[in-house]
Amino acid sequence: MADPANTKLGRMLLDQISPAVMVLRTPFVEDSCRRNNLSLIEMLSPYSTFNNIDVPVRTASDQPYRLRKFKFRLFYNSDIRQRSTEAAKERLKQVITHAGDKEISDLCSRQAGIESVITTSAQDLVPSWFQNFNKELINAAAFSEHEGFDHPVACLVAVSSKDKDPVGKFVDLFNTTQLPHLLNDGSMDPKILKYYLLVHDNQEGIQEKATGILAEMRSTFGASDCRLLCINSSVDGTEEHQQNSWASHENSASNEKQFGCFLNKDDIEELRNTMHDFSSKHIIPLMELKIRVLNQQVSATRKGFRNQIKNLWWRKGKDDVPENPSAPMYTFNSTESQIRVLGDYAFMLRDYELALSNYRLISTDYKLDKAWKHYAGVQEMMGLAYFMLDQSRKDAEYCMENAFTTYAKIGSSCGRNVTRCGIWWAEMLKARDQYKDAAGVYFRISGEEPLNSAVMLEQAAYCFLMSTPAMLRKYGFHLVLSGDLYEKCDQIKHAVRTYRGALSVFKDTAWSHIRDHVHFHIGKWYAILGMFDEGIKHVLEVLPCGHQDKLTQELFLSEFFQIIQETGKTFEVLTLQLPVINFPSIKVVFEDHRTYVSPAAANVEESLWQALEEDMTPSIAGLKSNWLELQSKVLPKKYKESNVCIAGEAIKVEVSFRNPLQIPISVSNVSLICKHSTESDKSDPASNGSLDEDKNDTGLRTVSVIGETSTDASLFDLSEVNISMQGGETVLIQLTVTPKVEGTLKLVGVRWKLSGSVIGICNFQSDIVRKKVAKGKRKPKKSLKDNLEFLVIKSLPRLEGTIHSLPRTVYTGDLRCLTMELRNPSKTPVKNLKMKISHPRFLDIADQEVVNLEFPTYLKKQAISSRSCTIFDAPKTAKTVFMFPENIASSWQTPVKWPLWFRAAASGSISLYITIYYETEDVSSIIKYRTLRMHYNVEVLPSLEVSYRVSPSPSGLHEFLVRMDATNRTSSQNFQVHQLSCVGDQWELALLQPIGPNLSLGFLMAGQSLSCFFRLKNCKTRGSTEDKMSSLAKGIADVRLVGSESSGLFDTSVSPFDLFHHQERLHQERHDKGDGNTVDFILIAEAQDDSDAEPPRTTAEILSHYTCHCRVGSSSPVWWSMEGPRSASHDFSSGFCEINLNMTVYNSLEDAVSVRINTLDSLPRSNSITKTASVSGYEYGWHDISHLTDAKVTPDSMGGRVGKALSPESVSSFIWSGSCSTRINLEPLSSAEVPLQISVFCEGTFDLSNYSLQWNLRAGDGGDDGNESRVRSGSCHGRPYHITVLQKEQS
Amino acid sequence: MASTACFMIVSKNDIPIYEAEVGTVPKKEDAAHQHQFILHAALDIVQDTAWNTSAMFLKSIDRFNDLVVSVYVTAGHILSFVMSD
């Protein structure tokens, strides 16, 4: 460790534990000094400190040593007493306030980072006024009667030469009434050294008079104790001093005054000599002498074994004496006081060994006396003596702690002593690099006095900072604690200073409450100091405090607005986080050659549109690669890189604002910030409220005029939006900018006004934005920065289109005629209109004349009889582009209307995309063509669920039974099944029986289901074989289900029915094509007119349900039918009866087959088996071998079916006659007739089902190549054919 | 008797993960930030102490007035603070 005397504490002790000199003076002396703007003490004090006085001193034991540094303190007699609490407080407050005023300039400076705080040396960081403050605190504890070092050792009596009777004045001044109570009440020896100083003012008179007085004084008081001091020798009072000794006093006086202006060199020299003489010839020898005398006395009374025993004995007896608070416990001539004074004098003369031994001696005495204050004082001095001796650290600390706790125990009366002791203790620890412990001591000093505590806590904070390793968090915490206390004492400047220090620790902390607290308070205090810019900056930090509770949020916000209000200005804030902008969601929508009908269309993925437009738009490669193209037509490189937009057409930017607070906020005047530059003034881009780059870093600036944009109104229009946001709400705002002039437009950012007082600005191009934003319209590799620049080109025609009354929600099958309306507001002609629809199954193009017809009535049969039934060339329109006729609109004065068919083909949510392509006539433009993109969403609800089952009718070869099951799947809607049609001329459809009474008024109610049967006849097959059906009347393919008359039937062979039928066929196409015998059904239903439906429909709503590829016919490809009489009468008496039957066999395959018909005379296999075999289609070649058990298990069904149980043993009552096996060859799609005959032996009803058909494909047919899975052969059992033979009545 | 207690989990990088005021004392306005301050300051002590001891539970490691901070340090140096009076 360094020399203790050179440490800070050492210097402090030298400064503060030094001999005190009482000064008595007359008013004239003071007046003379006042000429120099100094008091007498102020004038003398610079010369009372000696760095090298070099006075030889001897210790009590006659050890000589030389005193180098020496200082004595001067006090007026009136000041030698303990200050009142109020006065002390006031003084401290002054020091602090003064320090605060001095440092205010630093508060605006830039915030230092924590790294720099650590690296800065402690001296730079710790405020210098701490020393002054600590000194004041220590001084406040001075002149206590329990300590000796504050007791004046000498008295300086000053009288002016102007005074009348100066010698008499000298005597008068040392009058007991004016002396401090310390001298009067016996705490100290009233007989002290007096030094008589005659002050002569050279301005007032000549020196002779003074010399005379001096002579008189010398004769009265003794030669050595008198001295003449001449001052104010300077004539004009303009003396300048190179080394101004009084600089330290400048605080207390105003700066204009010149200190010592009347003191010339000689005066100063005389001052110095006077004080040197006073100290070296009077004070030091006196103290030395006194030490010797006291030491002898103490040795005599207290040293030695006998004295100690005596002392102890005597002390015991004193135990019960109560301490008298009014009078001092120990008078100056008591042994205790003498020892104490001896110690103090020794301490002041650097004889620490002697001092320590005496302190030790007295310490136990005081303890035994329970004189705690004296005890603590002695302990304190012991600690300091240990320190100065650089001996046992432990002892030093123990003594200091002991003193501290003892003082603290005494209570509030010793508050100042506690503070002083603590400061010394802390300094001692600091001198030994025990900063952490020092911080603890400072923390302990901080008591109830807030101002003191604030300073102590701040010092504690710096101790934490200086400890190794630096305890930054503690540093910050204690600074905050101290700042809060400063604020309590209205020391806002200091509060801000401490918080600023804390901010360097807490700046980017994740501890949100801490961060908010620090920022909020520092901001608030800055505002109180009138530094609104700084204040706003800090309060801004806490505005997006979603984690705080509602009350705190309200507090923050109101404080912020209050600050703003106080400034009376409108601020633009770059970092306003209220509301928060969600950067990834920023979306820019602009229209170049792509135009959109609705925002929804713009949100659709670009690739979807591109796929849709692929075969419609000219390819981009084709545009550029052709060398014949003019150079000017090729886009300049610059244009290719930036986006193109068209003058007069808005660019939309979607910004999502989020309110992080729980309280509602109002945001107004939300608009974009744009920069527009035309070609001509490229160098000087017209800016619009854009941020000047140099101001960006401040993040805050004042705007005088809010309507700054007015200058640019001619260049572009901006939209403004006002919103109010609820707590936690996220609002998507669409902002638009409409450029008016060609040039370059740049989107710079967005601005808004919070609660009508603060303008927030968010720059899109700041770094935070750049990395985050992804935009819909461009390739991802392009950053937003590129996307925010637009090349504005001159205006182009832009078509607008709508589809009127496109329903949002429909039932499946709903068929409507819609009108698409195209407008061209610019009236500039466009050409080559093309249209493409993404889902032709749902939406298709109708003929234009449909517009004028009444839907759906014109679709009814009688209405269209006059029209030519041209079959629409469906396949052509299916996938390709629809070209509008060239003359669609000669001039665009009126909107073009074009009808569209809409049919809700399937339930679910359907997105329809329609794109219309058109070219502009202007060839010079960069954009040659444009597309109009429309997007609609339609919700399709399930309505009727229809299924069909077609099975061959036993009664006819080309007849089928159709069973239709319709179920109403809706919850409320009723439908009227209107008509069932099958598509194609070859079909004839008839209702087997009228639809039952279970339908009320023909309506299928919600949830109800309906089954009905139809007979379906294939006319074509019959006709084609004979080739005579060319112009046979068409079969009646339509059946009216409800109502008897056939007048209201719809013609399903025309558009839109056939149009959608084609689409449905494509859609419902089956993978197993089967044999091609399929039929397509169209069920047309009408929705019941709900009166409460919105909007009320004017016409009946038509629903059409298509079911395609219903397989016709049985499972077998070979059909047959038995023809013959159903009953016969025969006279069995004349023999058996022969009945001829005819079997027609039809080959429905495309290949030739050979069919063998086997008649079996044994019993047929169970009827039930044949039945099941025909139902399911997979049992070719499947033979049932367990029919007997089956028959036994289900006797009822067998019996019921056959009429009587046939046992295997029973003899058949009829036999097949003729060949038992016939084989025929059948050509494809042809039929043949096979004659059969049975012989019946008795009367009865017979089931002629005991035959079978076996078919196989004819070998060598090459039609089935590659189709391995195809069934090549099969067998069918006979179908029941009942014949009744009766006994012929004999006539 | 009403007691103040605050429980907090702090990650390795001094980022608070979880925070709960569990005392019976009615919630005060400034309690939240005060507790954060105390616990945050205690981190300094924890960092010093945690490496000098093999114990994981550091009882009464720091105190502020009558609030005592104890901490459980996991092997991954995640700190669970308990503060009570």
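Which side chain of chain A meets that of Asp62(B) in a salt bridge, and at what N to O distance?

Modeller: The partner of Asp62(B) is Lys474(A), and their side chains form a salt bridge at 2.5 Å, N to O (a side-chain nitrogen of Lys or Arg within 4 Å of a carboxyl oxygen of Asp or Glu). This is a predicted model, in which local features need pLDDT of at least 70 and side-chain atom pairs count only at pLDDT 80 or more, whereas totals for chains, interfaces and linings use all residues. Residues are numbered from 1 along each chain as its sequence is written, chains are lettered from A and ligands numbered from 1 in the order in which they are written, and side-chain values use heavy atoms, without hydrogens and water.

Across the interface of chain B and chain A, the rule finds three salt bridges. In the interface, 22 residues of chain A are in contact with 23 residues of chain B (heavy atoms within 4.5 Å). The two chains bury about 2000 Å² between them, with 66% of it on carbon and sulfur atoms (accessible area, 1.4 Å probe, lost on putting the two parts together and summed over both). Phe37(B), His40(B) and Asp44(B) supply 34% of the area that chain B buries against chain A, more than any other three residues.

Two backbone features of chain A can be set beside this. Thr468(A) and Pro469(A) are joined by a cis peptide bond with omega of about -10 degrees. Pro469(A) lies in the loop between helix H19 (450-466) and helix H20 (472-488) of chain A (helices, H or I of at least four residues, and strands, E of at least two, are DSSP runs numbered from the N terminus). Asp165(A), although not a glycine, has a positive phi of about 50 degrees, and its place is the loop between strand E7 (152-160) and helix H8 (166-173) of chain A.

In chain B, Asp14(B) is likewise a residue other than glycine with a positive phi, near 65 degrees. Asp14(B) belongs to the loop between strand E1 (5-10) and strand E2 (16-21) of chain B.
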